[in-house]
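User: I would like to go through this model with you slowly. Please keep the wording plain.

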Amino acid sequence: MVLGVDIGGSHITVAIIQENHKDQIQQLFTMKIDHKDDQNLILESWISTMDLAIDHLDIKKLKGIGIAMPGPFDYKNGVFPDKGEHKFETLYNINLKNTIREQLKLDPSFPIRFYNDAACFGIGEAWTGELMTFKKSIAITLGTGFGATFIDKGIPVTSGEGVPLHGELYHLPFGDDIADTHFSTQWFQRRYNELTGDEIQGVKDLVKLKNIDQIKNQIFNEFAENLILFLAPWIVDFKAEAVVVGGNISNAWSFFETQLKKAKSTSNTRMPIIKSKLQENAALLGAARLIDNSFYSRL
């Protein structure tokens with residue numbers, strides 16, 4: 001058994017996963033915790049959620065803990081850098097790997113491995129999700145931020161033909177800013193305010209609004225067209241065979257799927273763009289796969 005852990009800015013989710021049944025998550029444990037909270041509160045919440053999961057299995061059967069973590073983060077050593085783009089500021093220079101081992105009373109040699117959360121999403125999709133049958137693919141997550149990973153034979157790649165710096169897209173220029181500000185929640189907030197003068201918290205609010213179908217359609221159409229305009233050169237250069245889309249914004253898939261396909265047909269891209277069925281579970285499965293030594297050695 002392994003623990004797949006997904007840590008975000010507002011939560012921790014821990015999954016018990018049986019290695020020889022990679023598509024089956026045995027149990028899920030989750031807790032809300034804000035990245036701006038006190039250091040002790042964050043660490044105690046994370047550790048207690050993992051401990052709760054361990055209590056539901058024989059510790060002797062636990063092979064390792066794989067953790068999907070947003071960057072910037074020292075993934076090899078398990079340390080928060082002192083410059084974290086305003087994320088987890090109370091944890092700067094904390095060695096999370098050592099803290100987990102000490103608090104859970106694990107052997108010093110016990111495997112605890114970290115990797116980027118967007119990359120873990122892609123790993124999970126390539127391992128047991130929508131990207132299983134494709135050699136080269138791109139996995140993106142649309143939510144509070146814009147995550148992406150380029151996959152070649154199940155492995156995230158960070159360099160090479162058609163791959164941007166570090167294999168990420170959020171920092172690249174688009175429009176009057178960078179991609180992250182156009183393909184995340186903040187764009188929907190900003191665009192809705194520009195068109196109406198009112199405010200929304202996110203896409204979920206936009207979907208629920210009634211009697212504004214014209215504005216709603218305009219916003220989702222613009223989003224889909226811009227997303228394809230931005231992605232198309234990378235899809236072509238990388239020779240991606242498919243793109244999978246996850247994240248909270250993908251829950252509104254029915255509002256922009258048609259326009260997404262229409263925009264794709266007018267660009268030089270013919271591969272499928274697929275909504276993730278695994279969603280958050282993809283990152284948990286990808287994190288769990290880090291405990292496979294032969295796979296991890298290839299990262």
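User: Which strands does helix 2 lie across?
Analyst: Helix 2 lies across strand 4 (64-69) and strand 5, and its direction makes about 145 degrees with that of strand 5. The angles run from 0 to 180 degrees between N-to-C directions, with axes fitted to C-alpha atoms, for helices over the stretch in contact, and contact means heavy atoms within 4.5 Å.

User: And how are helices and strands picked out?
Analyst: They are DSSP runs, H or I over at least four residues for helices and E over at least two for strands, numbered from the N terminus. This is a predicted model, in which local features need pLDDT of at least 70 and side-chain atom pairs pLDDT 80 or more, while totals for chains, interfaces and linings use all residues. Residues are numbered from 1 along each chain, and side-chain values use heavy atoms, without hydrogens and water.

User: Ok, which strands does helix 3 lie across?
Analyst: Helix 3 lies across strand 1 (2-7), strand 4 and strand 5, and it runs at about 95 degrees to strand 5.

User: In what order do the strands of that sheet come?
Analyst: The order is 3-2-1-4-5, in an open sheet of five strands with mixed pairing, where two strands pair if DSSP finds at least two bridges between them. Strand 3 (25-32) and strand 5 (112-116) are the edge strands, each pairing on one side only, and neighbouring strands are turned by 20 degrees against each other on average, with direction ignored.

User: How many bridges join strand 2 to strand 3?
Analyst: Seven bridges join strand 2 (residues 11-17) to strand 3, and the two strands run antiparallel.

User: Which residues in helix 1 and helix 2 meet?
Analyst: L43, W46, I47 and M50 in helix 1 meet L96, T99, I100 and Q103 in helix 2.

User: New topic: how do helix 3 and helix 8 pack?
Analyst: Helix 3 (residues 117-128) packs against helix 8 (residues 280-289) at an angle of about 90 degrees, and their axes are 6 Å apart. The two helices are therefore roughly perpendicular to each other. On the helix 3 side the contact includes F121, I123 and W127, and on the helix 8 side it includes A282, L285 and R289.

User: What about the other sheet, what is its order?
Analyst: There, five strands form an open sheet in the order 8-7-6-11-12, and the pairing is mixed. Its edge strands are strand 8 (155-157) and strand 12 (273-275), each of which pairs on one side only, and the twist averages 30 degrees from one strand to the next.

User: How do strand 7 and strand 8 pair?
Analyst: Strand 7 (residues 146-152) pairs with strand 8 in the antiparallel sense over three bridges, and D152 stands opposite I155 in strand 8.

User: Which strands does helix 6 lie across?
Analyst: Helix 6 (residues 213-238) lies across strand 6 (136-142), strand 7, strand 8, strand 11 (242-246) and strand 12, and it runs at about 150 degrees to strand 6. Helix 7 (residues 253-266) also packs on the sheet, where it touches strand 11 and strand 12 and makes about 170 degrees with the direction of strand 12.

Notes
Angles under 35 degrees count as roughly parallel, over 145 as roughly antiparallel, 65 to 115 as roughly perpendicular and the rest as oblique.
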